[in-house]
Amino acid sequence: MNLPPNLPSIGFIGIGLMGEAMTLRLRDLGYPVFVWNREPERLAAVAAAGATPLASPAEVARQCDVLLMCVLDDAAVDFCTRGPQGIAQAGTAAGKLVIDFSTIAPRTTRELAAHALQHAGMGWMDAPVSGGPQAARDGLLTIMAGGSAEDFERARPVLDALGSQVTLMGPVGAGQTAKIINQAIVGVGFVLMSEAALLAEASGIDAARLPACLKGGFADSVLLQKVYPRIHERRFDPPIGYARQLAKDMDAVQAFAREADCDLPMVEQAARLFARYVEGGAAMADSASIIRLYETGQAQNQDRQAGDEGEGA
């Protein structure tokens, strides 16, 4: 990876699991980084690495050359963009580029990009990611980008610093559309890996050997090689992603599918299971720990109860 000789200053809004890992990666590479997070206590690790905490998204936008964002949902990106201290209120942000790593609706992305351009003169790339915190820390993320070809070239040095697979999928919103499909695969895949683990464990075979046994066949995948072992070993701490986030993403997949007039029953079932898991108190649990829903009987029993109620109606 070839970094520019004079590294631009980076603003980073949203220091959660992914934002922290990406900020630490950028600091390792020598980028000056200014940060803001709604919960200031999350800033300790990045501040210790040399990032500079600031008081608001607008202040971050004033200080940086390139502005990165990775927050929870559509409402959070809207607040950080159009809120009273949002980046569109920066006043000195014209010509700067926003790279939004959050996972939000394509329609919201297009609306906020238009607002940032109209009110602050800022360009916008949507660039949702996949791979988890360790991939972010190692610069090995998969990044799905949406925006103009010109903005993509401007963003490329930073994107290449964080990702090993970076693809421009089309105009603003196209990256979020690709991420919706990614999350459909991931959400259903986590449920499927849980069911595969349960079946392997109940069968009497050495369930730990399944990924090696199936490697290279049609059933092989990153999910099988990386997520299945975590599920089989019940190794969920520290989390690589929160259940509340994947539940939110699965709702977004369903909303997008309805707009596209697509019937996706497997996605709908996975979304119901994640919603049930989160509602049961597992919002901040690792997404891979969805297997616990099966172990408590909630995955099966509530569906059976719903079916019985339907038959009696």
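**Reading a helix crossing and a pocket**

Modeller: In this predicted model, α8 passes α11 in a left-handed crossing.

Colleague: Which residues of α8 and α11 make the contact?

Modeller: On the α8 side the contact is made by T177, I180, Q183, A184, V186, G187, V188 and F190, while α11 contributes L246, D249, M250, A252, V253 and F256. Sorted by kind, the residues of this contact of α8 with α11 are 10 nonpolar, 3 polar and 1 charged.

Colleague: How should I describe two helices that pack in this way, and at what angle do the axes of α8 and α11 cross?

Modeller: In general, two packed helices are described by the angle between their axes together with the distance between those axes. Here the axes of α8 and α11 come within 9 Å and cross at roughly 120 degrees, which means that α8 is oblique to α11, since angles of 65 to 115 degrees would count as roughly perpendicular and those over 145 as roughly antiparallel.

Colleague: Which helices supply at least two residues each to the lining of the second largest pocket?

Modeller: They are α5 (106-120), α8 (174-203) and α11 (243-259), and α11 gives the most, with 5 residues. The lining has 13 residues, and A105, P106, A252, A255 and E259 lie nearest the centre of the pocket. By kind, the lining residues are 7 nonpolar, 1 polar and 5 charged.

Terms used:
Residues are numbered from 1 along each chain as its sequence is written. This is a predicted model: local features need pLDDT of at least 70, side-chain atom pairs count only at pLDDT 80 or more; totals for chains, interfaces and linings use all residues. Side-chain values use heavy atoms; hydrogens and water are left out. On a 1 Å grid over the protein atoms alone, a cavity is a set of points where a 1.4 Å probe fits but cannot get out, and a pocket is an open set with protein on both sides within 12 Å along at least five of seven lines; lining residues have an atom within 4 Å of a point. Helices (H or I, at least four residues) and strands (E, at least two) are DSSP runs, numbered from the N terminus. Ala, Val, Leu, Ile, Met, Phe, Trp, Tyr, Cys and Pro count as nonpolar, Asp, Glu, Lys and Arg as charged, and the others, Gly among them, as polar. Axes are lines fitted to C-alpha atoms, for helices over the stretch in contact, and angles run from 0 to 180 degrees between N-to-C directions. Angles under 35 degrees count as roughly parallel, over 145 as roughly antiparallel, 65 to 115 as roughly perpendicular and the rest as oblique. A crossing is left-handed if the near helix is turned anticlockwise from the far one by less than a right angle, and right-handed if clockwise. Contact means heavy atoms within 4.5 Å.
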